[in-house]
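Subject: Structure handover

Hello,

Here is the structure I promised to pass on. My notes follow below it.

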Amino acid sequence: MQNKGAIRLLAILFALVSLYQLYFTYKTRSVEADARQYGKGSAVKEAAYLDSIADQPVYNFFGITKFTYKECKELELNLGLDLKGGMNVTMEVDVVDLIKSLANHSTDPTFNKAIERAKKMQLDSQDDFVSLFGKAFEEVDPSAQLSSPDIFGNIQLKDKIKLGDSNDQVLKVIKHEADIAIDNTFNILRTRIDRFGVSQPNITKADISGRIVIELPGIKDPKRVRKLLQGTAALEFWETYENQEFYPYLEKINQELIVLNEANTKLDSDKETKAKKEEAKDSKKNKVSEAVAKSEKAAKKEQLSKKEIAKRYPLFSVLKPNERGNSLAPGSAVGFAFLKDTAKVNKILAMPKVKALLPRDCKLLWDVKPPRWAKDGDLVRLHAIKIKTRNRQAPLDGDVVVDARQTFGDSQADPTVSMTMNGKGAKIWARLTKENKGRCIAIVLDNYVYSSPHVNSEITGGRSEISGQETVNEAKDLANILKSGKLPAPAKIISEEIVGPSLGQESIQSGMWSFIIAFGLVLAYMLFFYSSGAGLAANLALITNLFFIFGILASLGAVLTLPGIAGIVLTIGMSVDANVLIFERIQEELKSGKGYQLAIKEGYNNAYSAIIDGNITTLLTGIILYIFGEGPIKGFATTLIIGIFSSLFCAIFITRLILDRKLGKGKNPSFTTGFTANWLRNTNINFIGARKTCYIISGVMLIISIGFLTTRGLNQGIDFTGGRTYVVQLEKDSSVEKVASALATQFGSAPEVKTFGKANQVKIATKYKINDKGNEVDDEVEALLYKGLKPYLPANMNEKAFIEDGIKMSQKVGPTIADDIRQAAVWSILLALLVIFIYIRIRFSRWQYGLGAVVALAHDTIIVLGLFSMLYGILPFSLEIDQAFIAAILTVVGYSINDTVVVFDRIREYLGLHPKRKTSEITNEALNSTLRRTFSTSLSTLVVLLAIFIFGGTSIQGFTFALLIGVVVGTYSSLFIATPIAYDTSNKVNAVVAKKKK
């Protein structure tokens, strides 16, 4: 093998990178284990320990750089919500309200008819709403003009839309405004989530315009999340206190805290003495880990000085006064604190005795983000807001802002923001700026201060220029915030999924068991079939492959989900195929009389074509799945794609290095065992002769499948129909009919109730008020669910406990997103078939091969669908058609085409070697020569899938069942459908060509 040194170096580099990335996960798990031991079952103590160590170095990378626990946590291998519990939310920005607002709530009949028509069009389209509105407007009245003064040619948009502008020009402006509104909503939601206190939250824009996907691990209160995410964000302008006039109040608070602390000293001392005695008693039974003890000891001296400071300056030790040199700085910022100390400051300021010391017309608000000068971005300022209105509302709201844009000041060098207000706002703004000349006015959104500009003079006319932004991006951000006003484009939850932590833990355990068992079975099979020589080399490559996959996942920041674990296990099963192809080729070369060194070299060279073709077709289906899938399905596709590349590298290069090393030591590796040496060797099955019988068998299976699909249909999950599902644990085993009847009294009609996993666990599906929007609807459904299930729940379980602990998992899919998922599923399957046809056509230079492959894949898909239609409601596990099922179908497509390509590759090779032989003989010989490989690959994959099916948990049993059926049917079709159809169509084409020549 050429470039052996380079490949060895590359493998070492991969291993080092993987080790480096995975070590972050190891360190966080180690620290969290120490926290659990320190907490001794107390979640509060655990959290306090982790909070105290958050900024402490825990990973020293060879003395080059140190990583804190917080940094390690950000770089660890992320687990999906189905493994660790939490809430996944898809939100959609309501562009309809934005368009109405930009049109100044026009009463024009054409405009309003177009809005209503676009809403209906949106139900069956994935286009953005602005484009749909443009089409609808054209359909309602082709001669109407959007630039009309009655629609968008109003004062609000006079600088952007001129009278007479074409509809396309107007739609371009509206689309730009909509994009800005979506970006603003995204940024506001991100800020809210960052302040929510969730570990490792994730917020991303979905592929469909206007949709935002949010993942919140460990959430236990979905009501609070819904309220937080869907609440109105009001932009406000507030008058402020100056730092110099507010500082005396802070001094009074500090003095009051000293008095309070002294009064509590004796009580705290008594508690500390008692705690030490208890700790001494407990330490004999259960010692705190050595790492905890060392960290406490190392920090003791430093903490002494901190305690002394906190004792003398209880407020100023966490809230530093805003000073400049030896005097107080001007402005509304009265102090600043570390991000981790803001909760302590808030707690102090919320104390009744502290509140009494503050002026009644005051409220204190934090900066939305640290200022640019803050070291490491970990300091935020606290602003003193002055409330002068009787109703305690802001004197000026954001809805008066007509426009805001980033500009440059008089010097044309410093970025500024130009803001324009309407007539009403201009009058109030003139009064505010006149009364606050020389002071600051705070710009507040969601109770966070975004800017606090200094007023230089009275501003009349409604046009203002805000300076002080250090960069163009800062100025643009502020302009966008000012334009957002009261969020005319609110975001609503259209889909959500909640997984309880206990169910997540069960998923981890079941996933790990399926993984370990499947991996062990594959290793044992390779040793059994290919001996301790080649089999051991393949196993070492598989272990290396596994290490690389996890390392790459960690380095890319990918999320590991339960379907992702299934994808890894499946990748391992399928990666055996490359080794099998190589080893079978080597054995053929050895049987032809070649020496080991030459046989290994030729075996690898001859296997490359089939390996590359098979993996590219599987890779193409993986890419399509990644593009069209969402959430866990995208996680499955990610691991599948990474696994394909990693498997190729390990199967082709790692095994070669191991075998060459053996040869270098004068040892000839064995490639078979006594049991398998002659297994399926020299078979002479007449596949072509049996093709018509197989056509009849397949025809009967297809007719039965289509019959069930047309009469019984499929059990579509809420991914495709829309609705809500809840997995609930009951106190004891209960009849699903009785549970459904009890819920019917609450919902008006009986929801679908099935046993899910455990005997006392049920899955409830309902479409109750799925078209209605708002937090109150979700809360109502949960309340009705609790009332209906109350007789079947523990007697002491109240509604709050039911929502937090009784509901193990819940999912909501709105009708709009369900339609999008359904369309994406259809397109993904059709696109996969088309791409595979094109690839096979190009690779094998004959359309007949592409046709045979696509017909076989359609055959496999229909039969799998037919079995799901036939068996749902009969088998004791879910056979719902959802996104996971589509992932399974596409995986079957990839697997089946991989099988087919190997046969096509051998036919192509034999046609080149024996051009004068009959095509039927060559085809039969090719099928028989690859039969041993087909058996090994299919059996190893089936063993892996069987392990996942039995041990992988209830939530993926339907997914795995589809794969099991697909592998069996796919193996059959590659032998008896794809190749015979390619053979028959080739013969017909050849006959037509021969007839024309005559």
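In what order do the strands of the open sheet of 3 strands run? The order is S15-S16-S19, and the pairing is antiparallel. Strand S15 (401–408) and strand S19 (463–466) stand at the edges. Each has a single partner strand, so one side of each is left without a neighbour in the sheet. On average, neighbouring strands here are turned by 20° against each other, direction ignored.

Please keep in mind that this is a predicted model. More on confidence below.

Staying with the sheet: S15 pairs with strand S16 (residues 415–421) over 7 bridges, in the antiparallel sense. For a landmark, find alanine 404, which stands opposite methionine 419 in S16. Then look for helix H14 (residues 423–435). H14 lies across S16 and S19. Its direction is at about 115° to S16.

Next, a helix pair. Helix H26 (residues 847–871) packs against helix H27 (residues 883–913). The angle is about 150°, and the axes are 10 Å apart. The crossing is right-handed. From H26, the contact residues are Tyr849, Ala853, Leu857, Asp860, Thr861, Val864, Leu865 and Phe868. H27 contributes Phe885, Ile889, Val892, Val893, Ser896, Ile897, Phe904, Ile907 and Leu911. By class, the contact of H26 with H27 holds 14 nonpolar residues, 2 polar and 1 charged.

Now confidence. The protein has a mean pLDDT of 81, and 88% of its residues reach 70 or more. Which elements mark the two ends of the scale? Helix H11 (residues 290–312) has the lowest mean pLDDT of the elements, at 51. Helix H20 (residues 691–711) has the highest, at 94. Over residues 279–304 the pLDDT is below 50. Beyond near neighbours in sequence, that stretch has 15 contacts in the model.

Two backbone angles to look at. Most residues other than glycine have a negative phi. Serine 531 has a positive phi, near 70°. Asparagine 682 also has a positive phi, near 60°. Where do these residues sit? Serine 531 is in helix H16 (residues 501–556). Asparagine 682 is in the loop between helix H19 (632–664) and H20. Are they buried or exposed? Serine 531 has 6% relative accessibility, so it counts as buried. Asparagine 682 has a relative accessible area of 74%, so it is exposed.

Two more residues for your list:

- Histidine 176 lies in helix H8 (residues 167–194). At 46% relative accessibility, histidine 176 counts as partly exposed. Valine 130 is 46 residues away from histidine 176 in sequence, and the C-alpha to C-alpha distance between them is 9.9 Å.
- Glutamine 761 is in strand S24 (residues 761–766). At 3% relative accessibility, glutamine 761 counts as buried. What does glutamine 761 touch, leaving aside its neighbours within four places in sequence? Its contacts are Val727, Val728, Gln729, Lys754, Thr755, Phe756 and Lys808.

Over to you.

Best wishes

Key:
Residues numbered from 1 in each chain as written. Predicted model: local features only at pLDDT ≥ 70, side-chain atom pairs only at ≥ 80, totals over all residues. Heavy atoms only, no water. Pairing = 2+ DSSP bridges. Helix = DSSP H or I, 4+ residues; strand = E, 2+ residues; numbered from the N terminus. Axes fitted to C-alpha atoms, helices over the stretch in contact; angles between N-to-C directions. Contact = heavy atoms within 4.5 Å. Left-handed = near helix turned anticlockwise from the far one by under 90°. Nonpolar A, V, L, I, M, F, W, Y, C, P; charged D, E, K, R; others polar. pLDDT = per-residue confidence, 0-100. Buried < 20%, exposed > 50% of the residue type's maximum accessible area, 1.4 Å probe, protein only.
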